Amino acid sequence: MSELEIPPAALRDAIAHDIIPVRPLAAPHIRVLWLTPIALVLVILAPAAFSVRPDVARLGWVLSWGASLFETLLGLAIIAAALRESVPGTLVSSRAISLIAAIATASVVTITVLTWRVSPTPLMDRGPGVVWRVCVAGTFSSALPALAVSLALVRRAFPLRPALAGALCGLGAGFLADAGWRMFCHFTDPAHVFGAHLLAIAAAGVAGASLGRRRR
Amino acid sequence: MVTGKDSSADDEELRAVMAAYQRGELRAFDELYRQLAAPLRGYLGSFVRDRSRTADLVQETFLQLHRSRRAYRPDLPVRPWVFAIARNVALMDRRTRARRPQGDGELPELPVPAAAAALGDRQALSSALHSLDDERREAVLLHHVWGFSFAEVAQLLGVTIAAAKLRSSRGMADLRGALTTGPSPPITNRGRQ
């Protein structure tokens, strides 16, 4: 055995001083299940606390609860990607990240266009500034619990690109929050959806990147 | 050291060692060090241009490995996980050192791919490897020296499998070119895939 193959005494002492049994992490698709209760609460919280949007009947199940369920699943999938990213040796490729961003954007655009066609509800003179603030603040603040839990799950692993893992957590949490908030907000004007709801999701992503970087 | 393509046949054994390490067995750490220190030294040598730094980075890698041992999933191969941690250690070190002037240390000798062993003597091969673009050199070493599959290289580097193959094949072409025409100055990483 060469000298190289024996750990230096100082290193071995440091390890020996700190060696305790640890439980290995489960796969990302299992770990993301921790967020399922939060995701379910987020879907029903805003409509239960305030009111269900009045155009639910006109939209039908697919464009109302169905679209929210889709956003929930999308959010969980994005957070699962963050959990995968946070394990060394299983980094998410740049192409996969681009694909995630493209699917997320396309989903928002498609749902927005379809709901606008079926139930066009412009802001008109209903205080667009107030509505904007309520929807941005509501969606963003709703995302924070899911963001906190997902960042904690990421931190239990060992993210080599913590800002990226955090951004994915934020984006996923944003979708989980918007899944519920869109069941309360009935303004389907694309300018409002993109300028308020999508902005809040993006802000959650930026917050996740910032917090993720800070946690290392 | 001329290293042939090393399959992951021994990874089953490494997984068992890693599982023992997660259970808190110190001798498992010794075994991990015994099996991984040499390849890590070679891999980390491809990042630093100072032989004396390599030993420090190997130690730092094992410390990071210890801190993150919970993050290892027993269903995954061990070596890509460890090499990914080593890569992070090397990149962090490079970032830190970029802010400070560096001394002229002795270049570490790099392990040589078996596929290129016939092209020159060991010193010339090592020198030619040092002259390669960083990303291509890394892909060549990971695939041709340590036997990682392109899927593993892609997951380790955070790129697509196609990009990993491209870097490796272009790196080997550059290596052959450097050995026939003499090493050219290193190419910067900026703007390269």
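In chain B, nine residues of domain 1 touch nine residues of domain 2, where touching, or being in contact, means that the C-beta atoms, placed from the backbone, lie within 7 Å. This is a predicted model, so local features need pLDDT of at least 70 and side-chain atom pairs count only at pLDDT 80 or more, while totals for chains, interfaces and linings use all residues. Residues are numbered from 1 along each chain as its sequence is written, and chains are lettered from A and ligands numbered from 1 in the order in which they are written.

**The two domains of chain B**

- Domain 1 covers 8-98 and domain 2 covers 112-181; such bounds come from an automatic or database domain assignment.
- Taken over C-alpha atoms, the centres of these two domains of chain B are 20 Å apart.
- On the side of domain 1 of chain B that touches domain 2, H2 and H4 of chain B are the elements that give two or more residues. Helices (H or I, at least four residues) and strands (E, at least two) are DSSP runs, numbered from the N terminus.
- H4(B) gives the most to that side of domain 1, with four residues.
- By type, that side of domain 1 splits into six nonpolar, two polar and one charged. Here Ala, Val, Leu, Ile, Met, Phe, Trp, Tyr, Cys and Pro count as nonpolar, Asp, Glu, Lys and Arg as charged, and the others, Gly among them, as polar.

**Chain B overall, and a look at H3(B)**

- Chain B has eight helices and two strands, and along the sequence they run β-α-α-α-α-β-α-α-α-α.
- The buried residues of H3(B) are B:Arg53, B:Thr54, B:Leu57, B:Val58, B:Glu60, B:Thr61, B:Phe62 and B:Leu65.
- Their cover includes H2 and H4 of chain B, along with helix H1 (9-18) of chain A.

**Where the chains meet**

- The contact between the chains takes 34 residues from chain B and 31 residues from chain A.
- On chain B's side, helix H2 (26-45), helix H3 (51-67), helix H4 (78-98) and helix H7 (150-157) are the elements that give two or more residues.
- H2(B) gives the most there, with eight residues.
- That side of chain B comes out at 18 nonpolar, nine polar and seven charged.

**Chain A**

- Chain A has eight helices and zero strands.
- Its C-alpha atoms fill a box of roughly 80 × 35 × 30 Å along the principal axes, and 44% of the 216 residues of chain A count as buried.
- Take contacts in chain A between residues at least 6 apart in sequence: 89% of them join residues at least 24 apart.
- Inside chain A, H3(A) meets H7(A) through A:Ala39, A:Leu42, A:Val43, A:Ile44, A:Leu45, A:Ala46 and A:Pro47 on one side and A:Leu176, A:Ala177, A:Ala179, A:Gly180 and A:Trp181 on the other.
- The residues of that contact divide into eleven nonpolar, one polar and no charged.

Key. Contact = placed C-beta atoms within 7 Å. Buried ≥ 20, exposed ≤ 12 C-beta atoms within 10 Å, placed from the backbone.
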